Amino acid sequence: MSRLFCVSALAVAMSAAPASASDWNRFRGPNGTGIAAEADPPATWGDDENVLWKTPLPGPGSSSPVITPDGSKAFLTCYTGYGVADGAKSDLRSLVRHLLCFDTATGERLWIQSIKADAPREDAYRGFLTEHGYASNTPTTDGEHVFVFFGKSGVFAYTVDGSPVWDRPVGSGSATVEWGSAISPLLLDDRLFVTAFDESKSLVALDKATGEELWKTSLGVEGTSYGTPVLVDGGDAGPLLVMMLPNVVNAYDPSDGNVVWSVPTGMNRNVSDSPVAGELAGEPVVFVSGGFRGEESLMLRTAADLGDVDRVLWRSRDSASVSTPLFHEGRLFWLDSGGLAYGFDAASGERLFRARVADLVLGRHAVYASPVYAGGRVYLPTRQAGTIVLTPGDEYDELGRNVFAADDSDFNATPAVLGDTLLIRSNESLYRVGVN
């Protein structure tokens, strides 16, 4: 892959142009930022308000919807047969994962592809795996194909009309805790990047047309990692893939998988958040936060020619634990798993607020989804207490909370933005929310 071609692709991926339907083709939309600046979804909705359609799903899942460039199709994943309400402790050999395609105009399910799990290799339904299940990796699409990572079952490519193209295994291992897989694949030019952390402790680049392995890099760490990499501007080195791992943040050259820079962190053992790319005073940066609650957050400069001392702009012991923060117009926002909302000044690391959010269901993770920004508002689905709508300011300003009273299942997935609407999925249904 030529460096010039990579730089061109990165410029498109990280441009400041407003997000549209064509941008929401991966987890958290344009380069994983969660920002659709010119979209204007409704601020309120409910069972009988501002729901354009609702479609039942065949099983649960924590993956997010993604959308084709023309905005006509949406994809998401779910699972059936094991680890679900009617079969939580049934036979692991019954586990099946599904990739589904929907017509975004009507909510009609257009097709489904199902992959039977290889039972002897799968993690049993216990521990934190029961919180997110067996369909947590968000797909990605280039408009012609859709790519999905099903953990130990492998990576699969289909046409957007549902025809199988290729599949490839990337490992069958498990972390010691056996909490399953959740990292989403990422496209750049002709390559698909798959982080098979649980399966083989590796980062793999595949040819998106054939599934051929182009390179494979050992991640070389223990613990667990669930955060999806992001592309950052590495300066003269071109685009880099930044990934959070236990105790370290690494930046990889997407052309060969070599580590370009590395920063030690205090994010120990379990890293669930994804990095978030952005700019401060015109300089490319990346924000990383995670580990167990209260471990560490860092703001890092991304240029390849910096030393460790110059790369770290600030550190904080305030951190997210599952939900990936939102980085927007010089501020950072997140809601941690214990129900505390945070706002930070992104340049200085000064905490703007820390607020206890009322009425969240605690005792387990209060939130799995990550915030998105649209229409001058921040949208953050909680698992069981509705979607919080915030004003993105220096104080915690909750504009309201939207609940589907008829759906008491978990809402674990980050919404996708489609025009002036949101696609929101629960364990039971997929919704399109817009003014009606």
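Author: Happy to! Two strands pair if DSSP finds at least two bridges between them; strands are DSSP runs (E, at least two residues), as helices are (H or I, at least four), numbered from the N terminus. The model is predicted, so local features need pLDDT of at least 70 and side-chain atom pairs 80 or more, while totals for chains, interfaces and linings use all residues. Residues count from 1 along each chain as its sequence is written, and side-chain values use heavy atoms, without hydrogens or water.

Strand S34 (residues 421-425) is joined by four bridges to the antiparallel strand S35 (residues 429-433). Within this pairing, Leu 423 has Arg 432 as its bridge partner. Both strands belong to an open, antiparallel sheet of four, ordered S2-S35-S34-S33. Its edges are S2 (51-56) and S33 (416-418), each pairing on one side only.

Now the rings: the structure has 21 aromatic pairs (Phe, Tyr or six-membered Trp ring centres within 6.5 Å; stacked under 30 degrees between planes, edge-to-face over 60, otherwise tilted). Tyr 79 sits in strand S4 (residues 73-80), and Tyr 134, 55 residues away, in the loop between helix H2 (129-132) and strand S7 (140-141).

Trp 334 and Phe 344 are stacked, because their centres are 5.3 Å apart and their planes at 15 degrees. Trp 334 belongs to strand S26 (residues 331-335) and Phe 344 to strand S27 (residues 340-345). Ring pairs also link these two into a cluster with Phe 287, Trp 314 and Tyr 342.
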